[in-house]
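Morning, everyone. Please look at the model on the screen, and I will walk you through it.

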Amino acid sequence: MLDNPENKFKKLIRIVSISCAFLGISVLFGWIFNIPLLKSIFPDTITMKFNTALCITSLSLALYFINSGISIQNKYLSKILAVFVLLIGTLTLLEGIFQINLGIDELIVKDFDTRFPKNLVPGSMSQTSAFCFILLGTSFLLLKSKKRRYK
């Protein structure tokens, strides 16, 4: 029996969202248990920061919830996760623009990596990543929106 294209697409989305969540969770475990291989694939390279992994995991879960169906719980969970990612991205971008440390980057784990001193805020993701998370968080909030203002 052949699946219709919509079911194949939903299955692909499920596989991709679970894979990305696994990647993010692996990096989170790397930070929590101080396992360098999980924080950075190659030795002596920049690590994926804790907040970056948290945002990737959150967006992966939001995508999974959106793909699972339009139950009210899935809808609200995906919106909460999107707002969380949007907030982390915005605060990180503001830290970089105004060169301030809001303390969000080392709230859960401390970043003791001093090999790359250009980073003004320890544990902070790059400004490019923060901007991308702002865009992704916003797009997830607008996804499945019933209001269509532009046609």
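A definition to begin with: helices (H or I, at least four residues) and strands (E, at least two) are DSSP runs, numbered from the N terminus. With that in hand, the elements of this protein run α-α-α-α-α from the N terminus on. That is five helices and zero strands.

Two notes on where this comes from. The model is predicted, so local features need pLDDT of at least 70 and side-chain atom pairs count only at pLDDT 80 or more, while totals for chains, interfaces and linings use all residues. Residues are numbered from 1 along each chain as its sequence is written, and side-chain values use heavy atoms, with hydrogens and water left out.

Now, helix packing. Two packed helices are described by the angle between their axes and the distance between the axes. Axes here are lines fitted to C-alpha atoms, for helices over the stretch in contact, and angles run from 0 to 180 degrees between N-to-C directions. Under 35 degrees counts as roughly parallel, over 145 as roughly antiparallel, 65 to 115 as roughly perpendicular, and the rest as oblique.

Take α4, residues 72-98, and α5, residues 127-142. Their axes come within 8 Å and cross at roughly 150°. So α4 is roughly antiparallel to α5.

Next, α3, residues 50-68. Its axis and that of α5 come within 11 Å and cross at roughly 20°. Therefore α3 and α5 are roughly parallel to each other.

On to burial. Buried means under 20% relative accessible area, exposed over 50%, partly exposed in between (1.4 Å probe, protein chains only). Of the 151 residues in the protein, 33% are buried.

Is aspartate 105 buried or exposed? It sits in the loop between α4 and α5. Its relative accessibility is 3%, so aspartate 105 counts as buried. Threonine 52 is 53 residues from aspartate 105 in sequence, yet 9.6 Å away in space, C-alpha to C-alpha.

Last, the surface. Patches are made of residues with over 30% relative accessible area and no salt bridge; like charges are joined within 9 Å, nonpolar side chains (Val, Leu, Ile, Met, Phe, Trp, Tyr) within 5 Å. A salt bridge is a side-chain nitrogen of Lys or Arg within 4 Å of a carboxyl oxygen of Asp or Glu. Areas come from the Shrake-Rupley method with a 1.4 Å probe; for residues, only the protein chains shown count as cover.

Ile25, Phe29, Ile32, Phe33, Ile35, Leu37 and Leu38 form a nonpolar patch, with about 650 Å² of accessible area together. Helix α1 gives the most, three residues. Leucine 38 is in α2. At 31% relative accessibility, leucine 38 counts as partly exposed.
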